[in-house]
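Biologist: I would like to learn how to read this structure, one feature at a time. Could you give me the general idea first and then the case at hand?

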Amino acid sequence: MNEQEYYVPSGTYWPIIGSIGVATLFVGFANQMHGASWGGSIMALGFAILVFMMFGWFSQVVKESTSGMYNSQVDRSFRWGMSWFIFSEVMFFAAFFAALFYARQLSVPWLGGADNNMFTPELWDGFRATWQQIAFNTPGATLQSGTAVSVPTQLVDAWGLPALNTALLLLSGVTLTFAHHALRAGHRNKIISWLVATIVLGVLFLGFQITEYGHAYHDGLKLTSGIYGSTFYMLTGFHGFHVTVGVLMLTVILYRVQKGHFSADNHFGFEGVAWYWHFVDVVWLGLFIFVYWL
Amino acid sequence: MTQVVIIVVIIAILIALGLGLLGMLKGGSAGSDKMFKSLVIRVVLSLFLFILVMFAAFMGWIEPNVVMMDASTLK
């Protein structure tokens, strides 16, 4: 295609299909929250329309790209588009990390009477302003007040699954880097092997995260377990969602590598997904350190 | 001191990740090189940080974010 001309796609119906999908999803979600029996079905329908739209639209973009309809101007547009998407993702997680720091460093100490009770007096007799997850050293114990404590010892054990999951995700960063190197060197079989390894590690991470949630929920840590439970599930839950999306993206990239869509010097699709995976990896490292250790 | 080192390494990781993003945005051969090298640094620093945190915990320099309480002493 002529480098001086900007490729303008012809009229497309995918945006309106996407809008219908999002609207259906939210109508279903709102009614589900209000207890409507049909809310879940409408949500599922909206989600299916969204998936159909993404599959159709992205397929069209891939076809246009592989047929040589894009020039360097379009390439720049894709790079800027991905960068703004990443900016929104960084702001998204920055807000949740800020919520964690605010609750932990300011609001919880204030509730506990920090700064000479300048902000709040003691809320009620026996109130304890603790940020960290409390683990009682005797499972099933009873407090002096007679309240039974169902929280067992070592509710959130930083040495266990969280450390294992961190190792898995960091290892996936290494395997993805090997795949990236193989792509730049033009070794397609190696790219496929390392990408498969990365996807397997991502799926393993998700499996262990579900197991961790099962333990935590069973032991009494829920979204409603105060500010710690809320921030814990919001941060780790949204991170898990991003890992899920990342695994899907890597799977699509694996398919495209097998189809020979990328060359050693032209592989923006791979680069965008690789950076996204590294970002998700770093977010987890931050979570592991600030939620479990510092 | 250990905590300061951990924070410094986290900042270095974020800078490497950010440089990788700039490389991707730039594109072309030079941008692709910059992106790859930055992400390699990111991976190496992350592995170092994980080992540092685990070692510091093993040595008792940092404690997990879990408060152990004796239930019988609480109201």
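Predicted model: local features only at pLDDT ≥ 70, side-chain atom pairs only at ≥ 80, totals over all residues.

Modeller: Residues are numbered from 1 along each chain as its sequence is written, and chains are lettered from A and ligands numbered from 1 in the order in which they are written.

Biologist: Which class does Thr177(A) fall into, and which does Phe101(A)?

Modeller: Thr177(A), in helix α5 of chain A, is buried because 20 other C-beta atoms lie within 10 Å. Phe101(A), which is found in helix α3 (residues 72-111) of chain A, is exposed because it has 12 other C-beta atoms within 10 Å.

Biologist: What does Thr177(A) touch, apart from its neighbours within four places in sequence?

Modeller: Two residues are in contact if their C-beta atoms, placed from the backbone, lie within 7 Å. With those sequence neighbours left aside, Thr177(A) is in contact with Leu39(B), Val40(B) and Val43(B).

Biologist: Those partners are in chain B, so to speak of their helix, what length does α2(B) reach?

Modeller: The expected span of a helix is 1.5 Å times one less than its number of residues. For α2(B), which has 32 residues, the first and last C-alpha atoms are 46 Å apart, close to the 46 Å expected. After α2(B) comes Gly60(B), whose phi is positive, near 85 degrees.

Biologist: Which parts of the structure cover the buried residues of α2(B)?

Modeller: The buried residues of α2(B) include Phe36(B), Leu39(B), Arg42(B), Val43(B) and Leu49(B). Their cover includes α5 (161-185) and α8 of chain A together with α1 (2-26) of chain B.

Biologist: At what angle do α5(A) and α2(B) cross?

Modeller: Axes are lines fitted to C-alpha atoms, for helices over the stretch in contact, and angles run from 0 to 180 degrees between N-to-C directions. Angles under 35 degrees count as roughly parallel, over 145 as roughly antiparallel, 65 to 115 as roughly perpendicular and the rest as oblique. The axes of α5(A) and α2(B) come within 10 Å and cross at roughly 160 degrees, which makes α5(A) roughly antiparallel to α2(B). Among the residues that meet are Leu170(A), Val174(A) and Thr177(A) from α5(A), and Leu39(B), Val43(B) and Phe50(B) from α2(B). By class (Ala, Val, Leu, Ile, Met, Phe, Trp, Tyr, Cys and Pro count as nonpolar, Asp, Glu, Lys and Arg as charged, and the others, Gly among them, as polar), the residues of this contact divide into 11 nonpolar, five polar and one charged.

Biologist: How do α8(A) and α2(B) pack?

Modeller: Helix α8 (residues 268-293) of chain A and helix α2 (residues 28-59) of chain B pack at about 20 degrees, with their axes 11 Å apart, and are therefore roughly parallel to each other. Here the contact residues divide into eight nonpolar, two polar and three charged. As for α8(A) itself, 21 of its 26 residues are buried, so α8(A) is largely enclosed by the rest of the structure.

Biologist: Finally, how do α3(A) and α1(B) pack?

Modeller: Their angle is about 155 degrees and their axes are 8 Å apart, which makes α3(A) roughly antiparallel to α1(B). Arg79(A), Trp80(A), Ser83(A) and Ile86(A) of α3(A) make the contact with Leu21(B), Met24(B) and Leu25(B) of α1(B).

Methods:
Helix = DSSP H or I, 4+ residues; strand = E, 2+ residues; numbered from the N terminus.
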